[in-house]
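Trainee: I'd like to take a close look at one part of this protein with you. Here is what I have on screen.

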Amino acid sequence: MASVPSQSVLKGAAILDSDNDSDSDSEGSLNGFIRVSVPSGAAGDSKELDTGDDEGAEDDGEEEADSDSDSDAWESESFIEDTLHSLGNTTQFEAHEDACTLEEAQQFRRRLRVVGVADFLRETVFSKTITAKKLITAFGIRPPPFLDEARDDTFLPLLQAAMARELTKRRKIPEINTLQDVVRLLKNSKNIIVLTGAGISTSLGIPDFRSKDNGLYARLAGLGLSDPQEVFDIDVFQEDPTIFYSIAKDILPSTDKFSPTHAFIELLQSKNKLLTQYTQNIDNLETRAGIKPEKLIQCHGSFATASCVKCKHKVPGETIFPDLHAGRVAKCDMCLRKATEAAKVGRKRKRGGGQKSGRESTGSIGGGGRKQRYSEDSSADEDEIMFQEAGVMKPDITFFGEHLPASFHDRLIDHDREKCDLLICIGTSLKVAPVSEIIGFLPPNVPQIYISKTPVTHVEFDVELLGSCDDVVFELCRLMNWELKHEMIPKNLKINVELAEDMQSRYVISRKE
């Protein structure tokens with residue numbers, strides 16, 4: 001499950017090398033580049049890029065520019081955020097596209113780190129050796145189609161933000177490359193952070209979100225939404241909760257079982273090696289596997305509880321499971337009880353303290369539906385009004401547009417960052433901030449291992465172990481002489497390990513036939 005993307009990268013993208021501004025009066029100066037704005041409409045209909053101080057600018061023009069600065073900044077940030085949000089994985093460019101080759105992209109990225117932003121821009125865009133439109137492809141950005149006819153300087157804000165992101169990326173530790181290195185790290189580490197995603201649960205039949213063919217977002221394409229992720233947008237939920245409830249059964253945990261990978265993480269805990277597990281999953285299977293609450297951060301919440309969006313009344317998640325399975329919007333019993341009490345008081349006053357009202361319903365709304373009478377004295381119209389005004393129950397999972405729990409930031413910043421001696425990232429594409437930013441937030445000397453079916457090329461891990469997460473952790477335990485007990489592990493399972501072609505630290509893990 002996902003959360004609102006972090007603004008930290010975008011804010012960082014608004015600042016260039018201020019140490020190199022000796023040429024601030026020359027054409028293409030860096031002075032004005034940090035005050036860029038971006039297109040507001042179709043291709044060609046764009047705002048001018050301020051590339052330097054305008055000697056002939058009138059005072060009233062400057063005042064007008066100041067008055068529009070807030071809206072321009074918001075527009076720029078929103079545009080850049082939308083574009084960078086797609087940078088979770090390396091963009092695959094077609095042969096016909098005017099894009100940098102992989103080799104060129106690697107050279108440009110290395111050069112940026114060597115000379116810094118200011119000199120890099122002077123050597124490339126400002127010296128006209130390459131266009132900004134093409135250069136952004138070196139950082140994995142495909143130029144938006146509606147900018148096909150736009151001026152080249154229109155792409156500078158995207159380039160600026162992409163360079164800022166590139167410079168914050170963690171660099172691989174050169175001496176950590178082999179499976180034996182991973183085994184050594186596991187043996188010696190005592191404070192391991194494990195960052196997990198949907199890939200650790202897919203062997204249980206729980207779908208991930210982003211797989212092309214059977215991921216949840218692919219299956220939601222028929223809902224008619226402009227973006228399947230809108231199902232988990234808090235604004236959409238508040239406007240029309242039926243959209244979420246119509247698909248909730250597809251993501252509701254349908255099993256109490258946990259995978260061998262969950263068992264591996266619990267094994268780390270039992271050996272006093274687990275510092276914290278940060279999970280992006282909402283299935284709550286970490287708890288089922290035995291991970292202690294003080295060792296677990298559920299970054300995106302879970303179905304373990306649900307809360308009323310109106311009165312904040314919290315209930316165990318199982319309370320609304322019948323509604324979720326039925327695709328029926330669950331309403332808050334507390335709101336209904338309060339409304340019933342208020343209606344009773346109103347009728348008593350109206351009757352001058354006459355007869356008492358009848359029995360109130362305390363059952364789940366999902367169980368009885370709207371036809372249920374909340375008071376024997378109430379009319380059908382009153383029941384309908386009370387039902388409509390009652391708050392909607394929302395599972396306590398983090399939607400786009402909602403903040404992550406405070407425990408995420410507090411634990412990471414105040415406790416884990418300085419203690420962590422190894423990060424193991426398992427079963428996640430690292431596409432959603434701020435959880436994905438854990439990678440770059442940890443000290444650069446902390447080794448990082450990646451385990452998943454497919455690689456992520458926007459992060460430099462020290463060792464990548466590609467294959468079924470369950471098979472990978474089984475092989476690690478075998479090499480460690482640890483016993484990993486789980487009913488899903490076949491007897492006499494044999495694993496094949498191969499070094500990926502042209503790679504020094506990427507291994508492909510598969511079962512032997």
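Is Arg506 buried or exposed, and why does it count that way?

Mentor: Keep in mind that this is a predicted model. Arg506 counts as buried, because its relative accessibility is 14% and the cut-off for buried is under 20%. You'll find Arg506 in strand β11, which covers residues 506–511. Now look at what surrounds that arginine. Leaving out residues up to four places away in sequence, Arg506 touches Pro455, Thr457, Glu464, Leu466, Glu498, Leu499 and Ala500. Pick out Glu464 from that list: its side chain and that of Arg506 are joined by a polar contact of 3.2 Å.

Confidence is highest in strand β7 (residues 422–426), at a mean of 98, and lowest in helix α1 (residues 8–12), at 31. Over residues 1–67 the pLDDT is below 50, though the model gives this stretch 126 contacts beyond near neighbours in sequence. Residues 354–371 also stay under 50, and there the model has 42 contacts beyond four places in sequence.

How values were computed:
Residues are numbered from 1 along each chain as its sequence is written. This is a predicted model: local features need pLDDT of at least 70, side-chain atom pairs count only at pLDDT 80 or more; totals for chains, interfaces and linings use all residues. Side-chain values use heavy atoms; hydrogens and water are left out. pLDDT is the predictor's confidence in each residue, from 0 to 100. Helices (H or I, at least four residues) and strands (E, at least two) are DSSP runs, numbered from the N terminus. Contact means heavy atoms within 4.5 Å. Buried means under 20% relative accessible area, exposed over 50%, partly exposed in between (1.4 Å probe, protein chains only). A polar contact is a pair of N or O atoms within 3.5 Å; within protein, one must be able to donate a hydrogen and the other to accept it, and residues adjacent in sequence count only if both atoms are side-chain atoms.
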